[in-house]
Amino acid sequence: GNISRQEAVSMIPPLLLNVNPHHKILDMCAAPGSKTAQLIEMLHADMNDPFPKGFVIANDVDNKRCYLLVHQAKRLNSPCIMVVNHDASSIPNLQIDVDGRKEVLFYDRILCDVPCSGDGTMRKNIDVWKKWTTQNSLQLHGLQLRIATRGVEQLAEGGRMVYSTCSLNPIENEAVIASLLEKSQGALELADVSSELPGLKRMPGITKWKVMLKDGQWFEEWKDVPSNRQTQIRPTMFPVKDEEKLKAMNLERCLRILPHHQNTGGFFVAVLIKKSPMPWNKRQPKVHQKLPQKTGDAEVTATNSDNGSERITEEPTLDENEESKKKQELQNSDTEQSKKEGVCGPPPSKKMKLFGFKEDPFVFLPEDDPLFLPIQKFYALDPSFPKMNLLTRTQEGKKRQLYMVSKELRNVLLNNSEKMKVINTGIKVWSRNSDGEQFGCAFRLAQEGIYTLYPFIHARIINVCIEDVKILLTQENPFLSKFSSETQKKVKDMAMGSIVLKYDPDPAKPDDLQCPIVLCGWQGKTSLRAFVPKNERLHYLRMMGVEVFKAKRKEEESESKTGEEVQHGLTQTEEGMDVEDKEHDLVTKMEAEIGEESSHSPVENSAMEVENKIEDLDQSGKNANSHVIQESKDTDTSNMKD
């Protein structure tokens with residue numbers, strides 16, 4: 001998890017979305033999450049704003065791949081990302097509370113990177129050569145069109161949707177766009193992005209193509225297709241014959257990137273702009289205005305989470321209205337009850353088939369929760385701290401972790417828990433630490449959320465120099481005597497417990513790291529340590545120019561322990577100290593941090609094992625760990641507990 005690789009052409013769709021920090025963004029087919037990561041970075045363009053007004057809702061139909069998505073997004077530590085698990089072609093309409101009334105959520109930006117045959121990846125993907133047939137595109141075309149249609153339905157007027165595939169087949173590309181433009185009746189237009197991304201070599205979209213069957217038969221028009229083949233080949237797969245219509249579509253504004261253009265994979269991108277509501281959604285606002293008056297906080301019954309939104313315009317009859325009203329009121333009483341308690345549970349199983357793991361609910365902290373007062377006092381939190389946005393994943397028993405979401409995502413969560421399967425949202429900001437209670441606060445800071453929390457914390461901050469940071473990141477539990485005299489003075493007057501360690505760059509020393517660093521730490525009686533996960537630790541050290549592996553090799557030469565001692569030491573240290581290192585288990589439910597105490601994910605493990613093998617560090621890591629155990633026996637044991 002130290003480095004993320006992404007095909008260069010795959011980076012184009014997020015760039016063409018022109019994202020601003022206030023945009024509400026939907027990523028319809030998001031796993032494994034590289035493009036989602038780009039979108040999150042764009043939201044946080046201003047690093048001084050911990051809570052941008054926008055958010056990313058990242059969706060994927062595959063439950064297991066959703067956990068991969070969580071893993072990718074988690075590394076960016078953003079409170080503005082939510083991962084959901086739905087079929088993109090029937091993703092439900094969500095609602096938000098706007099000044100006390102419910103409104104349908106329309107997105108400013110939608111990324112529609114649909115499943116495709118992948119023939120553009122033939123240079124790196126050997127399977128394409130073995131398995132490719134014309135049948136692939138014929139089977140996918142319908143799904144791609146349904147997903148794209150669902151996307152534009154949820155797009156705000158004036159919003160932008162990028163449709164992309166890693167295929168070069170016009171049936172998956174121009175045919176889908178042409179069909180979408182045709183049925184939009186002028187509500188959509190293709191944006192001219194020829195001036196964007198200058199230097200990118202590209203070809204215009206094509207306007208003429210034929211359709212081919214698996215057995216080699218070619219067809220130029222729908223009327224040529226024999227009736228026994230009309231289930232495989234659909235009319236939307238053919239180019240538009242009407243020259244005027246075709247010209248008005250401006251299909252040449254699509255982007256085709258071929259492998260030889262700039263030594264990449266093949267890729268197709270189209271940028272759509274929504275000028276007015278879709279023709280079948282024209283009466284939608286009228287329905288939405290009526291409903292809130294009739295049923296108070298009722299959910300909009302016009303939403304259709306199973307069959308797309310094609311039936312939104314159908315006005316229900318009076319009998320249906322009465323029936324739906326009764327159902328609505330029954331639903332509302334339950335919904336309102338759970339909303340009052342701030343509980344966002346998973347949707348009822350009758351409404352939606354649930355696959356994969358059953359998620360724990362998201363429970364927002366009540367305003368008068370006694371849990372928060374000692375935390376506020378201990379860290380001297382600013383009065384502007386948005387405590388309403390704190391949540392836990394447990395309804396009963398001790399709250400072990402506290403997470404934080406942005407105000408906008410809180411709104412989405414509270415108003416849509418019945419119709420949405422949320423896999424993960426929020427970043428961990430505090431973890432329960434039983435030893436902390438004796439020092440005034442049972443919760444220690446979590447590195448994952450420190451950059452979000454830091455602007456609100458006014459106490460327990462220690463400014464450290466670059467040498468101190470190096471000690472904190474290279475030694476597990478260093479004695480106070482190892483730090484600079486300034487740091488020792490500051491620590492002397494401070495009570496034991498969780499602390500913030502802040503490094504501010506000195507412009508007068510241009511050779512030192514010129515980027516501020518905020519670390520979570522723990523102050524014991526005689527020692528000071530950082531609570532930072534291993535990969536983040538290595539990252540900071542590399543930024544500071546410390547040759548991580550060289551330092552480890554020296555340790556390996558100087559340290560020598562028997563195998564048994566090493567193994568014992570390693571186990572103890574991992575159990576006692578590296579709790580943060582053991583986060584994000586993708587394959588099991590732990591990834592979403594529901595189990596609250598997790599172990600290394602297979603992905604992280606393999607990455608770290610490879611790193612260790614390459615640098616021949618296995619032994620040195622163990623030696624270092626056993627050394628820590630030996631050294632910390634003399635220190636206060638409470639420092640070692642999480």
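1. Set aside neighbours within four places in sequence, and Cys 29 is in contact (heavy atoms within 4.5 Å) with Asn 59, Asp 60, Ala 88, Asp 113, Val 114, Pro 115 and Ile 147. Cys 29 lies in the loop between strand S1 (24-27) and helix H2 (34-43). Helices (H or I, at least four residues) and strands (E, at least two) are DSSP runs, numbered from the N terminus. Cys 29 counts as buried because its relative accessibility is 15%. Buried means under 20% relative accessible area, exposed over 50%, partly exposed in between (1.4 Å probe, protein chains only).

2. A word on the basis. This is a predicted model, where local features need pLDDT of at least 70, side-chain atom pairs count only at pLDDT 80 or more, and totals for chains, interfaces and linings use all residues. Residues are numbered from 1 along each chain as its sequence is written, and side-chain values use heavy atoms, with hydrogens and water left out.

3. An unreviewed UniProt entry lists residues under "binding site", among them Cys 29, Ser 34, Lys 35, Asp 60 and Asp 113. UniProt positions follow the numbering used here, feature names are shortened, and annotations may be inferred rather than shown by experiment. Ser 34 belongs to helix H2. Ser 34 is buried, at 17% relative accessible area. Beyond neighbours within four places in sequence, Ser 34 touches Arg 5, Gln 6 and Gln 72.

4. Now the aromatic rings. The structure holds 7 aromatic pairs. Rings of Phe, Tyr and Trp (its six-membered ring) pair if their centres lie within 6.5 Å; planes under 30 degrees apart count as stacked, over 60 as edge-to-face and the rest as tilted. Phe 378 and Tyr 379 are edge-to-face because their planes stand at 90 degrees, with centres 5.0 Å apart. Both residues are buried.

5. Tyr 379 also pairs with Trp 430. That pair is tilted, with 35 degrees between the planes and 6.1 Å centre to centre. It links distant parts of the chain, 51 residues apart: Tyr 379 is in the loop between helix H11 (372-378) and strand S16 (390-392), Trp 430 in strand S19 (residues 427-432). Trp 430 is buried too. Ring pairs join Phe 51, Phe 372, Phe 378, Tyr 379, Phe 385, Trp 430 and Phe 456 into a cluster.

6. The charged end of Arg 410 is 4.9 Å from the ring centre of Phe 364. For Arg 529 over Phe 531, the distance is 4.5 Å.

Terms used: Lys NZ or Arg CZ within 6 Å of the ring centre and 35° of its normal.
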